[in-house]
Amino acid sequence: MAAFTYAPAIVLLPFVSFLVALFAGDRMPKGGALAGITATGGSLLLSIWVALTVAGGGYHNEFVYTWVAGVESVTLRFGLLLDPLSALMLLIVTLISFLVHIFSLGYMNDEDETGLPRYYAGLGLFTASMLGFVVANNLLMAFMFFELVGLCSYLLIGFWFREDGPPSAAKKAFLVTRFGDYFFLIGVVGIFATFGTGLFAPITQNGEVVAQSFPVLAEHAVVDGETEAIAMLDTVGLSAQAWFTVLGLLVLGGVVGKSAQFPLHTWLPDAMEGPTPVSALIHAATMVAAGVYLVARMYGFYAISPTALAVIALIGGFTALFAATMGLVKQEIKQVLAYSTISQYGYMMLALGSGGYIAAVFHLTTHAVFKALLFLGAGSVIIAMHHNENMWDMGGLKEKMPVTYWTFLSGSLALAGIVPFAGFWSKDEVLYEALIHGFGTEGGLGTAYLVAYAMGLLAVFFTGFYTFRMVYLTFHGDARSDTARNPHGVRWNVKGPLAVLGVLAATVGFINMKPVAKLTGAHIDFLHAWLAGPDEGGWPAALVTSSHHYEGLLHDVAHVTAGYPLNETPTLLASAAVSLGLALAGAGAATALYRGSDPVEHTDKLGSLKTLLMHNYYQDEYQVWLATGLTYPLARAMDKFDQGVVDGVVNGISSVSLFGGSRIRRIQSGVVSNYATLLTLGLVLLLAIFGLAGGWF
Amino acid sequence: MIPAETYLLLSAAVFCIGLFGILTRRNALVFLMSVELMLNAANINFVAFSLQHGNLTGQVFALFGMALAAAEVAIGIGIILVLYRNFSDVDVTKATTMRW
């Protein structure tokens, strides 16, 4: 498969553009932008080639480079895993990154920003790290690129480091995600210690498995009881399933941090301090998507643990609702989008937790398109508004920037989940999966699914409301400031990416129209076929990463089963109708409240509730309190203990020795006669002791 | 034959004379001579026990002891010469610069 030979170049091209922009960017026209555009464009073409090869039944899972060769222990290697999931993700990341690079010409170059080589170097490294993470075939390599992604987000969020806000936001993003990654790291070490491998999928040669993967080993241990090979279980004294749940939840710590799930979501709204194209990249394709992608990548490991699934579903459902409510009252356009991102990733987690692997990947895809579109649209508005982001200073931009308006509207309809835009199909499938598995699954897991479903459903209404509140405030009514009356124009390099994404946001949902497929009986749910992989005889080893395998695991191990309150098709249609109805109700409420030529702040009527929402449920305050009120005194007490007791003992011993030494050295008088006397006395003393002990006297 | 105890008594007497000299005298040369006395007391013991047990090893050791004493005297006199050059005296209680 020739495409797979060139696959490493997908990662290396943006990395080269990073080096070029960093070292030669200031001598190049456009500050290194062209290198980045060429590199990501090349990666995009290669990704398309890889995707076509995978579509033709291709599959690739090989090691590329060994960097620690273990003797009778773990060997650490870099390798590439190219299957339908990673091929799809490669397409998303390279496409968004390519468009963001072009958009940056309008947002950064045309606005005469300084430090452009640093900016494009950051973008290049960011893209390269994410692509490396996507193609990683083992957990340690994924972790390393995961951390690189975090580093790049730090560099780019803090791009305008001379102002007050961005450096602080960058540090916050870095520290909060690092807190989650701390658990991830322990999880990685735990998985290597338990299984001796971090492979996501087994490596085969001529049909023989030459290197087994950890999800498959875990599956064998839980399903077939083959726990002999896993010595770690005796050490920890837990059953296989319980221990794998612990490991899964540890890795989930990194996911919660990166994908901005409650309670580690607080970094994401602050990350809006970075340049808007970077926000688009972070939210749509690179950083935030990494968490959800990781769960999907090692889904076989989570599918055997009902507890982990319930935790993922509940975190997702809660985050979806929680973030959506905060988005209702925000005044800045990018803040609204930030909370919508958190909320939408909550949906993906909800889908993953409730057994909707395909639904999650589907929502990841559509969200990447429409959220990139919305952020780039917001970027266009921000250019027009001379970097004023307050929606209450906008209004009436519809006539002045029609391309931005219509594309933004397309993205908004997708975000709100209005048929037939992309978000409708994916969000509907997410909720449908949660619903049927909630009904079908017995015990606490089913209840957890239903609770998560209810929260997700409620969030649909809020999503419709805040989305259209944003659209009306930004584009409709009368202009509410001088800049809005006379906005700055935008050029092709802004309109081009918007047009591409605007069309995609309207159409990308057609890859998986499940309700239509069920009604007509036509096989148009292409994503299902894509993630299931080729039929019999395609690639046997890869079957453990196909959606069929995951469905089997969910059913057999976690006992996640589908149940229908009505019959199957009516349930599907009713679920779609309910979520569409709620989305329309939310959008309608926003229309009714904010349509006029001079809308007022209706959210003021919420009173103290608005204050609570504006302060983000005091999440930041409570986290700061955790740091200053709890961790800091605790650290001080520990410091006292360390300085006082531990160091005190060490210092005490040394001062006793010093004091004793300074006294006893006095016997070294320099007079030879004294030494002779001491020697003689010592001899006499020894003789006396021997005599007494030996009974001579 | 003279009994071994007599030699041992002689040896103890010589050793004590040497020890007394070291503890009471200040002249470095007398020091050296006292040390020689103590060494020879040990040699007497060697020879006495060699005679007692009919084993020649002790006599050989006595020869070694004499060689050792000669070497020691050579070094000792060298040290005393240097002592005299530095302190214009051979009184051991005056050379007290090597101290704490």
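1. A residue is taken as buried if 20 or more other C-beta atoms lie within 10 Å of its own. In this predicted model, five of the seven residues of strand 2 (residues 76-82) of chain A are buried, so the strand is largely enclosed by the rest of the structure. For chain A as a whole, which has 697 residues, buried residues make up 54%.

2. The overall form of chain A may be noted next. Its C-alpha trace spans about 120 × 65 × 55 Å along the principal axes. The secondary structure of chain A consists of 30 helices and four strands.

3. Strand 2 of chain A is paired with strand 1 (residues 60-68) of chain A; the two run antiparallel and are joined by seven bridges. Within this pairing, A:T66 stands opposite A:R77 of strand 2.

4. Another antiparallel pairing in chain A links strand 3 (residues 203-205) with strand 4 (residues 208-211), over three bridges. Here A:T204 has A:V209 in strand 4 as its bridge partner. Strand 3 and strand 4 of chain A form a hairpin, with two residues between them. In the turn, A:N206 has a positive phi of about 55°.

5. Helix 3 (residues 33-55) and helix 4 (residues 84-109) of chain A pack at an angle of about 160°, and their axes are 8 Å apart. Angles over 145 degrees count as roughly antiparallel, and helix 3 and helix 4 of chain A are therefore roughly antiparallel to each other. The crossing of helix 3 of chain A past helix 4 of chain A is left-handed. The residues of this contact comprise 15 nonpolar and ten polar, with no charged residues.

6. An unreviewed UniProt entry places the feature "domain: NADH-Ubiquinone oxidoreductase (complex I) chain 5 N-terminal" at residues 67-120 of chain A. In the model, that span is 57% helix and 17% strand, and its end C-alpha atoms lie 29 Å apart.

7. For chain B, the UniProt annotation "transmembrane region", also from an unreviewed entry, covers residues 6-23, 30-49 and 61-84. Residues 6-23 of chain B are 100% helix and 0% strand, with the end C-alpha atoms 26 Å apart. Residues 30-49 of chain B are likewise 100% helix and 0% strand, and the end C-alpha atoms of this span are 29 Å apart.

Conventions
Residues are numbered from 1 along each chain as its sequence is written. Chains are lettered from A and ligands numbered from 1 in the order in which they are written. This is a predicted model: local features need pLDDT of at least 70, side-chain atom pairs count only at pLDDT 80 or more; totals for chains, interfaces and linings use all residues. UniProt positions are given in the numbering used here, feature names are shortened, and annotations may be inferred rather than shown by experiment. Axes are lines fitted to C-alpha atoms, for helices over the stretch in contact, and angles run from 0 to 180 degrees between N-to-C directions. Angles under 35 degrees count as roughly parallel, over 145 as roughly antiparallel, 65 to 115 as roughly perpendicular and the rest as oblique. A crossing is left-handed if the near helix is turned anticlockwise from the far one by less than a right angle, and right-handed if clockwise. Ala, Val, Leu, Ile, Met, Phe, Trp, Tyr, Cys and Pro count as nonpolar, Asp, Glu, Lys and Arg as charged, and the others, Gly among them, as polar. A residue is buried if 20 or more other C-beta atoms lie within 10 Å of its own, exposed if 12 or fewer, and partly exposed in between; C-beta atoms are placed from the backbone. Two strands pair if DSSP finds at least two bridges between them.
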